[in-house]
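The stops below follow one another, each with something to select.

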Amino acid sequence: MAKASQNNKNTGDRSRQRPALALLLAFLIAAAFFILSDVSFVKSARDSLMQKLGYEAIDQGDSNESSGENSSAENSDVIPAEWDVTSDIDPAALPEYNGQNYVKVSGGTPVFPDEVCERAGLIKDGDDWKTQGNLFGTVDSNKLTPYECYGSPDDLGRCTYAFGLLGEETMPQEGQERGDISPVHPSGWAKAQNWERCHLIAWALSAENANPSNLITGTHYLNYDGMRPLEEEVEHYIWDTGNHVLYYIKPWFKDDELVARGVQMTAWSVEDKGEGISFNVYCFNVTPGAEIDYRTGIVTTEEQAAQDARVYVINTRSGVFHYPTCDGVKEMSEHNKKTVTATRTELTSQGYTPCGACEP
Ligand SMILES: [Zn+2]
């Protein structure tokens with residue numbers, strides 16, 4: 001009795017399973033189609049099959065092996081300068097220094113060329129990025145490929161750009177010593193002008209030392225007030241989370257000048273999609289109070305400038321002196337105008353006041 005009723009039960013279950021099996025099959029076909037739709041047919045067919053069979057570890061093993069060797073120089077390569085990028089900066093109208101260490105570019109939102117993301121092992125997911133085989137648009141650390149890339153210098157010997165996917169793999173390894181960078185003379189390097197060799201991708205993030213494609217002529221202000229705080233933010237984030245950061249650095253030059261006017265820094269944390277790190281800024285290669293000739297690298301400090309005789313226009317009625325190019329000079333009536341060649345110190349000691357607009 002007991003046996004017979006059990007058999008009946010089983011037969012009944014089996015007939016009820018048929019629609020459920022069909023539904024499961026339809027779901028699997030839909031899921032497989034979803035995976036196959038955004039990558040090359042063979043590779044994703046293999047991946048999805050491996051996943052179904054529980055072999056997810058195979059891909060991870062591959063990328064772990066390659067990223068393990070990815071310490072600095074061996075895996076960093078140089079790419080042609082012509083390989084250009086998207087940017088919202090207009091080279092003909094670079095931002096003017098206004099007292100801030102940096103200004104936002106594109107509202108501060110990072111923008112990366114597709115190639116930069118794809119080399120990191122990311123694949124397009126609508127407007128977003130994910131790693132291969134991740135159905136719900138997530139990024140799997142183990143499927144990423146950390147790397148560094150340095151644009152080759154242009155015809156004038158100027159650095160072009162550097163980018164990569166930075167992580168613990170690209171950072172200096174324990175005990176790795178920082179080498180001597182003094183043999184490198186970046187474009188615009190003028191003697192005794194207090195210039196610093198400024199890394200595009202910091203040593204702490206890239207373990208790159210005397211790489212001429214990664215060093216520019218920079219001011220202490222650019223190095224320490226502009227770039228350093230942002231570099232440290234990225235460095236601490238990587239140490240704290242073990243995550244990876246897409247990074248893009250580009251020095252901006254005006255015309256044929258040899259010293260960069262500024263450096264664009266773009267960074268985006270990949271695993272948490274910008275929650276930890278997300279910025280796109282332009283840092284100024286200036287020294288507040290000093291005048292830089294960006295064609296030659298000659299720096300004139302405020303004190304030196306005050307000692308140099310030059311042409312000023314004095315308003316004899318108000319006692320204010322201007323640079324000849326100031327709008328205040330155009331508005332001045334001719335009989336109040338007096339053009340002199342003098343030093344700034346001479347004029348102030350004679351009781352004249354520098355114009356607030358042209359700041360002579
Ligand atoms: Zn003026």
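Predicted model: local features only at pLDDT ≥ 70, side-chain atom pairs only at ≥ 80, totals over all residues.

Helices (H or I, at least four residues) and strands (E, at least two) are DSSP runs, numbered from the N terminus. Residues are numbered from 1 along each chain as its sequence is written.

Next, select residues 278-284, which form strand E11. A residue is called buried if 20 or more other C-beta atoms, placed from the backbone, lie within 10 Å of its own. Five of the seven residues of E11 are buried, so this strand is largely enclosed by the rest of the structure; of the 360 residues of the protein, 32% count as buried.

Strand E10, residues 262-269, runs antiparallel to E11 and is joined to it by seven bridges, with tryptophan 268 opposite serine 278. Strand E2, residues 102-104, also pairs with E11 in the antiparallel sense, over three bridges, and here lysine 104 stands opposite valine 281.

Finally, select the open sheet of four strands, whose order is E16-E14-E15-E17 and whose pairing is mixed. Its edge strands, E16 (337-342) and E17 (353-354), each pair on one side only. Between E14 (residues 310-315) and E15 (residues 320-322), which run antiparallel, there are three bridges, and asparagine 315 stands opposite valine 320.

How values were computed:
Buried ≥ 20, exposed ≤ 12 C-beta atoms within 10 Å, placed from the backbone. Pairing = 2+ DSSP bridges.
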